[in-house]
Amino acid sequence: MKHIDEDKIKLLMKLPQCSHQEFYAIIDKAKKLQRLTTEESAKLLAVKDKDLIDIIYKTARYVKDTIYGKRVVLFVPLYINNICINDCQYCSFCKSNKVTIRKKLTIDEIKEQTRILLERGHKRILMLSSESVNENDDIEYFVKAIEAIYSVNVGKNKVKRINVNLAPLSIESFKKLKKAGIGTYQIFQETYHEETYRKLHGTGPKSDPDNRLDAIDRAFKAGIDDVGIGSLYGLYDHKFETLAMFEHISYLEKEFGIGPHVISVPRLEPAYGSEISKSKKYAFSDEEFKQMVAVIRLSVPYTGIIMSTRETAQMRNELLNLGVSQISAESRVSPGGYERPDDHNEIKDVQFQLSDQRSIEEVISDLIKYGYIPSFCAACYRRERTGKTFMDLAKPGNIKEKCTINALITLKEYLEDFATPEVKKYGYKLIEEKLATISDNDKKVVLKFFENIDKGNRDEYV
Ligand code: SAM
């Protein structure tokens with residue numbers, strides 16, 4: 001696979017445990033918010049001593065808090081189509097899966113799903129779709145879907161940012177996505193291990209691993225400068241995937257001057273009709289998963305880490321402490337899934353099973369309980385603090401103040417418009433606590449915005 005030297009990665013995976021001196025030198029570098037080399041990251045991934053792992057965790061928390069503060073961005077996925085030309089062996093939507101109920105939402109149905117999400121307080125959407133035979137049809141549909149999502153209002157609530165997770169497109173099509181107003185373009189390589197990749201993606205356009213890797217290059221070339229990457233953990237060795245992803249990031253940094261805006265760490269979940277999705281061959285423990293996430297936090301400090309509802313509520317809460325900065329809430333991974341109040345995992349149009357089915361209200365309650373500020377902020381994207389501009393602010397830790405102010409504004413809006421009296425009570429208590437920790441100047445700014453919210457204004461930001 002392009003940009004990925006498998007032999008180099010395999011050698012890095014065999015490195016002996018590093019000395020204490022070396023370990024602390026890497027930790028010191030991470031504390032200075034400096035990007036680690038793949039070799040340094042490999043050494044942290046190889047650590048087995050429990051006390052040293054605790055130091056990795058503590059440092060990951062420090063790096064996350066220094067760059068982003070205590071805010072956690074919330075988003076919700078919106079699946080619009082599950083009729084797919086590809087044959088990914090781990091996914092219920094794969095072409096040869098005869099069990100899955102197929103559906104491509106109409107534009108009116110997309111608006112209806114958006115309305116349901118807005119009524120619950122959501123403001124940030126990740127739009128996902130399968131891939132069809134014809135890219136022109138796909139891009140036309142995606143652009144209409146994006147316009148439809150942005151067009152819906154529920155009272156004063158509307159979608160502020162649509163990110164997308166879509167198959168590779170041409171530069172021309174990416175330009176259309178950008179013009180339609182997307183935030184981040186996200187694509188998972190699934191596995192960076194070429195043999196495994198080819199085995200799992202037999203037919204269809206997705207069978208070419210280099211075309212998938214090149215999608216990020218084409219997105220950058222089309223002017224989309226916020227991109228998201230990741231592997232689907234569980235298809236191959238998790239350390240290999242993580243180190244290969246760091247190599248991919250190094251290539252992007254060298255070639256385009258910036259890396260990914262976000263990294264996702266999805267783990268394989270059982271999918272109807274897919275035996276491979278239930279295989280434990282490359283499963284790894286929760287402890288190893290936590291170490292891996294913390295090492296990603298240290299290795300690429302300027303990047304957001306996304307944690308989806310594939311993980312349990314408990315695991316997601318724990319990972320917030322280790323560097324995760326964005327989470328989804330009350331996800332449904334099927335087209336039209338938000339109309340149904342029933343158990344998500346029981347229905348055969350879903351892409352895979354989910355482990356966290358808490359409502360947005362419950363997710364927000366938990367965030368508040370653990371001292372995090374739930375945030376629906378999309379200010380960076382709207383103020384054009386994207387790509388290099390964002391990274392130049394994030395790298396020295398200068399985005400945190402803005403993140404905190406905007407998170408407090410969006411939390412107050414949520415509490416006023418959507419929260420139950422109980423959540424409102426705890427939410428305001430958290431706001432008081434956080435106001436006491438910020439500078440007098442920032443506090444003045446926040447209180448001015450709060451006055452505006454009390455007057456009925458919405459959707460303001462710095
Ligand atoms: N057509 C898009 C593409 O080619 O990237 C669609 C992506 S799909 C809607 C989003 C992601 O779901 C995939 O990239 C894959 O990593 C993940 N996924 C597929 N099957 C999964 C499973 N069984 N468990 C967890 N995640 C899965």
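A polar contact is a pair of N or O atoms within 3.5 Å. This model is predicted; local features need pLDDT of at least 70, side-chain atom pairs count only at pLDDT 80 or more, and totals for chains, interfaces and linings use all residues. Residues are numbered from 1 along each chain as its sequence is written, and side-chain values use heavy atoms, with hydrogens and water left out.

A polar side-chain atom of Glu190 lies 2.5 Å from a ligand oxygen atom. Glu269 places a polar backbone atom 2.9 Å from a nitrogen atom of the ligand. For Arg310, a polar side-chain atom is 3.0 Å from a ligand nitrogen atom. On its own, the ligand has 580 Å² of accessible area (Shrake-Rupley method, 1.4 Å probe). The protein covers 97% of that area.

## The shell

The ligand is surrounded by 22 residues (a heavy atom within 4 Å). The closest are Tyr90, Ser129, Glu190, Arg212 and Glu269. By class, the shell has 11 nonpolar, 5 polar and 6 charged residues. Ala, Val, Leu, Ile, Met, Phe, Trp, Tyr, Cys and Pro count as nonpolar; Asp, Glu, Lys and Arg as charged; the others, Gly among them, as polar.

## The largest pocket

The largest pocket has a volume of about 370 Å³. A pocket is an open set of points on a 1 Å grid over the protein atoms alone, with protein on both sides within 12 Å along at least five of seven lines. Its volume is the space filled by probe spheres set on the points.

The lining holds 20 residues (an atom within 4 Å of a point). Arg267, Leu268, Glu269, Phe284 and Asp286 lie nearest the pocket centre. The lining divides into 7 nonpolar, 6 polar and 7 charged residues.

Methods
Polar contact = N/O pair within 3.5 Å; in protein donor to acceptor, adjacent residues only side chain to side chain. 1 Å grid on protein atoms, 1.4 Å probe; cavity = no way out; pocket = protein on both sides within 12 Å on 5 of 7 lines; lining within 4 Å.
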